[in-house]
Amino acid sequence: MESRLWLRALYARMWVRVMSVFNEPLWIAVNIGFPFFSSVGLGLLYSSTGLRSFVGFAILGGIMISFWGNVLWSMASQFYWDKQVGLFEIYLTSPAPMTAILIGMSLGGVVNTAPSAVLVAVAGWLFFAPPLSPSWLAVGLTFALTLASLYAMGMMLSSLYLAYGREAESINEALHEPVSLISGVYFPSIGNFSPFPFSVQVFASLIPLTIGMDALRRALFFSQGLSSIYLHLIVLSMR
Amino acid sequence: MLSHEPEVRVEVQNLRREFDSKERKVVALNGVSLKVREGEIFGVLGPNGAGKTTLIRILSTLLLPTSGVARVMGFDVASEPEKVRAVINMASGAERAGYDYISARGNLWFFSQLYGLPSEVAKARIKALSQLLGLDDYLDRKFYMLSTGYRQRVTIARAFINDPKIVFLDEPTIGLDVMTAMSIREFLIKEARENGRTIFLATHNMAEVDTICNRVAIIDRGRILTSDTPTNLKRSLGAPALVMEVSPLPVNLAFLGAVEGVKGFTTSVDEERGLARVQVVVESEECVRRILAGVPASGMRLVSSWRQQTTLEEVFVSLVGRGFVEREHEVGE
């Protein structure tokens, strides 16, 4: 009975999230537009300056930034908005476990963001054909662990944002760009090719997106398998 | 109608809740005790800030009491909240609880899943509730496209979606048009009478309490002042209230405090007509005569006067000495 309630609550929360977006075409356009145009812009810049190996980074960045944006805008601040309209109290007074609600929100967010990620991937590879040298098992595992880690952070932030009330939107805006920059969504921000000093790299490594992006680049463009990126995977699992 | 002795579903003993603010400690509930039975519509009536919402929040497991005991269906709200949540539901007139881009039907299905209802059961309940609440033609509209009245009908349907034993409602008809409010009240009466549901209603709408509640507790500053059926409460006052229109403004009503038999009074000013309407709760006919004689002696002119059928507001005035509005101003200060 408990597990059935858990699964029903999870599925229902995921369904609401997915349908809310797919019932509103403008939201789909916004979700897709921002990462798509950023990736294309950076791809063109890298291509025109002869940095062809970086073009793939831009496309990969476009895929992952969609998920990061979703974590911040739709996951972290969700409970705050739910509280404003009275939905949060309904969750609290129902027997549904909060873990089911949170995981349902996360899975719904992944489904909502998938079309944007797929479009950026397909269009990027069709327009720019960046050089790939993938280790697919490592890519798949890293991708899954990065998403799990990002959405787990979203769950944690959603509780934190409840305490900050109306500041939530400002916190989102304040976090979005700096985290995108130092986590190296579009370029390597840790390791030998990083433009940042060591201290910034250490700080950047605390963000799961940084570790995930670094591991994905290694697995997708430099053929590094599980034996090379296992430390990344361990860190992501711990998050 | 019930064929057995109605069971006690809500039992509160000496409940106290304090809130710490920067300036001072606020006592929202101070030694509240009550019992509510199966099939009863129980109203908690009081001005804003009296403690009604705090009481509902404790009983629905959203807040912990500072001290005292509160049991719902025999389960302690503080130590067994999961068991309480499985048998209750709640709704507020202030909420706008629904996902905008999902239909009313989708929203209701979603909320049913928070209680683990199998989808077929949920669909049948949505159909039954929507018929009772006149929602049939609106079920497939997106939530944001519904009018305030229909959104509130969805909210009420949501509060009954899990077939709860007890439903806590906080000002469920606030801001609604007369017809919608009436239809919701009829629905609540039907649910209590025919399905034995207990409805715990917090409101400051006296007419609503008078119309639908089997019993009412009058609450002020965190204390329950009295509790009985609306009829008995009104009967307890004895004589009907005296209403006077006096001028000129500003009126001096200090003399009322000295008249024997005056239980309390409320005043409202009609600027346009340049007079004040004073509603006085009196003990006896003799008291009325003394008041009417005292008006000219206090330098005022009696424009008109009449007797008014007793309402619950007069009961409140007789207990507190002031009306709801005056009390809310005092609490605000």
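By the rule used here, the count comes to 22 salt bridges over all chains. One pair crosses between chains, running from E89(A) in helix α5 (residues 87–93) of chain A to R57(B) in helix α1 (residues 52–59) of chain B. The model is a predicted one. In the pair of E89(A) and R57(B), the closest N and O atoms are 2.5 Å apart. E89(A) is partly exposed, at a relative accessible area of 26%, and R57(B) also counts as partly exposed, at 26%. Side chains of opposite charge can pair when their charged atoms come close.

Other salt bridges lie within chain B. E18(B) pairs with R16(B), with the closest N and O atoms 2.7 Å apart. R16(B) is partly exposed, with a relative accessible area of 24%. E285(B) forms a salt bridge with R307(B), again with a closest N–O distance of 2.7 Å. This pair links distant parts of the chain, 22 residues apart: E285(B) is in helix α9 (residues 285–297) and R307(B) in strand β14 (residues 301–308). Elsewhere, E245(B), D270(B), R273(B) and R277(B) are joined into one network by salt bridges that share partners.

How many residues of chain B are in contact with chain A? There are 28, and they meet 27 residues of chain A. The area buried between the chains is about 2,400 Å², and carbon and sulfur atoms give 69% of that. On the chain B side, Y99(B), Y101(B) and L114(B) lose the most area to chain A, together 28% of what that side buries. Between the two chains the count is one salt bridge, and nine residue pairs are in polar contact.

Notes: Residues numbered from 1 in each chain as written. Chains lettered and ligands numbered in written order. Predicted model: local features only at pLDDT ≥ 70, side-chain atom pairs only at ≥ 80, totals over all residues. Heavy atoms only, no water. Contact = heavy atoms within 4.5 Å. Buried area = accessible area lost by both parts, 1.4 Å probe. Salt bridge = Lys/Arg side-chain N within 4 Å of Asp/Glu carboxyl O. Polar contact = N/O pair within 3.5 Å; in protein donor to acceptor, adjacent residues only side chain to side chain. Helix = DSSP H or I, 4+ residues; strand = E, 2+ residues; numbered from the N terminus. Buried < 20%, exposed > 50% of the residue type's maximum accessible area, 1.4 Å probe, protein only.
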